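Here is a short briefing on one protein model. It is grouped by topic for quick reading.

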Amino acid sequence: MTSSTPPKVGIIANPISARDIRRVVASANSVQVADRANIVLRALAALAACGIEEVVMMPERGGIATHVLRGMERSNAQGEARFPRLTHLAMPVTGTVDDTRRAARMMREAGDIAAIIVLGGDGTHRAVVAECGQVPIAGISTGTNNAFPEHREPTITGLATGLAAMGQVPAALAFAANKLIEVRIDGGAPDIALVDVALVTDRFVGARALWRAETFRELYVAFADPEVIGMAAIAGLIEPVSRREPGGLALSLAPAATAPMVVHAPIAPGLVTPVGVESWRRMPSGTVVSPDIAAGSVALDGERELFFDGHQEVTIRLRDAAFRTVDVAAVMGFAAREKLLLRHAAPTTHPAPHHAPLLAGA
């Protein structure tokens, strides 16, 4: 993006995130389409308040766009000027994760998208990161397991993204480097995880989401936060590793009945289950790891994506500084210190008071 090009912000809102077996076995939220549209409207209003004039959005068939446009029209009819201009990418809609990947790729290739706001869970964010390159993303949590996107009011995320995109905050402060984990089978193209890679004994598709702890065998995490939900919670309750420090953590797991240690971890919303732990160790960045399990499936950020047998080679590698995110806390802290959102009222000129003439002889 050149300095003469007005910055745009992209929005990728997944209309079908948070629809897996954890709706049944746990107590996760289900974010309705109207709620997702309201989140987009709040982010749009915040972007406009920062000076963003145009936003480009991924098209979808779930109804988000219809609700958003209706809200914008209602606001315009009331004489408000709360929102930026909204356009949609010219792309086919399949209703699959391919839409998210294609949209992220198109936004990267456009060259004038300063940042992308993403609505979804860990899987949606992973799909965006796979294609967005160095375009920073700002996550809004609307999925099931949301270990990667931080939980925050979307208006604040929109303000931070707008200020960062407009160059109001130094880039070194506004954008943070993030880790990811690459998985290769037989040296093929890598699949990625933003939070964790789990190896389980199941070798059938079934439900993609992980929830049967007795099948867990190995776990590799980019960060281990005791406040998150999902597989990374297991690591976070044993040895926390922050998002910003280099390297991650590797754990050897086993059935709780036979393991030397057991951690009660929240692997899904409302689902706290005993997980057996054999051992754990730090996982340096750049080091290639070969798992011990001979056959099974690989779950990326909590969902089974890959399957392998004893004749295939699986390698796992953590990468530091692999992609960028908007550092919302840092941006808003800078905005407060530098008074970026503070406006002084224009001085008001009051007319001189009018005095009635004194009556003669008074």
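Helix α2 passes helix α6 in a right-handed crossing. A crossing is right-handed if the near helix is turned clockwise from the far one by less than a right angle, and left-handed if anticlockwise. This is a predicted model: local features need pLDDT of at least 70, side-chain atom pairs count only at pLDDT 80 or more, and totals for chains, interfaces and linings use all residues. Residues are numbered from 1 along each chain as its sequence is written, and side-chain values use heavy atoms, with hydrogens and water left out.

**Helix packing**

- α2 covers residues 33-49 and α6 covers residues 154-165; they pack at about 35°, with their axes 7 Å apart.
- Axes are lines fitted to C-alpha atoms, for helices over the stretch in contact, and angles run from 0 to 180 degrees between N-to-C directions.
- Helices (H or I, at least four residues) and strands (E, at least two) are DSSP runs, numbered from the N terminus.
- On the α2 side, the contact uses Ile-39, Arg-42, Ala-43, Ala-46, Leu-47 and Ala-49. On the α6 side, it uses Pro-154, Thr-155, Gly-158, Leu-159, Thr-161 and Gly-162. Contact means heavy atoms within 4.5 Å.
- By class, this contact has 7 nonpolar, 4 polar and 1 charged residues. Ala, Val, Leu, Ile, Met, Phe, Trp, Tyr, Cys and Pro count as nonpolar; Asp, Glu, Lys and Arg count as charged; the others, Gly among them, count as polar.

**The aromatic pair**

- The count comes to 1 aromatic pair. Rings of Phe, Tyr and Trp (its six-membered ring) pair if their centres lie within 6.5 Å; planes under 30 degrees apart are stacked, over 60 edge-to-face, and the rest tilted.
- The ring centres of Phe-148 and Phe-323 are 5.8 Å apart and their planes are at 50°, so the pair is tilted.
- The pair links distant parts of the chain, 175 residues apart: Phe-148 is in the loop between β5 (137-141) and α6, and Phe-323 is in strand β16 (residues 314-326).
- Phe-148 is buried at 6% relative accessibility, and Phe-323 is buried at 1%. Buried means under 20% relative accessible area, exposed over 50%, and partly exposed in between (1.4 Å probe, protein chains only).

- Leaving out residues up to four places away in sequence, Phe-148 touches several residues, including Asp-122, His-125, Asn-178, Phe-223 and Thr-325.
- Phe-148 and Gly-123 are 25 residues apart in sequence, with C-alpha atoms 9.4 Å apart.
- Arg-243 lies over the face of Phe-148, 5.6 Å from the ring centre.
- The charged end of Arg-324 sits over the ring of Phe-175, 4.9 Å from its centre. The rule asks for NZ of Lys or CZ of Arg within 6 Å of the ring centre and within 35 degrees of the ring normal.

**Positive phi**

- Asp-186 is not a glycine, yet has a positive phi of about 55°. Asp-186 lies in the loop between β6 (175-185) and β7 (191-193) and is partly exposed at 46%.
- Ala-321 has a positive phi near 50°. Ala-321 is in strand β16 and is exposed, at 56%.

**Thr-273**

- Thr-273 is in strand β12 (residues 271-283) and is buried at 16%.
- Beyond its neighbours within four places in sequence, Thr-273 contacts Ala-213, Val-263, His-264, Ala-265 and Ile-267.

**Whole chain**

- The protein chain has 9 helices and 16 strands.
- Of its 362 residues, 52% are buried.
- Among contacts between residues at least 6 apart in sequence, 71% join residues at least 24 apart.
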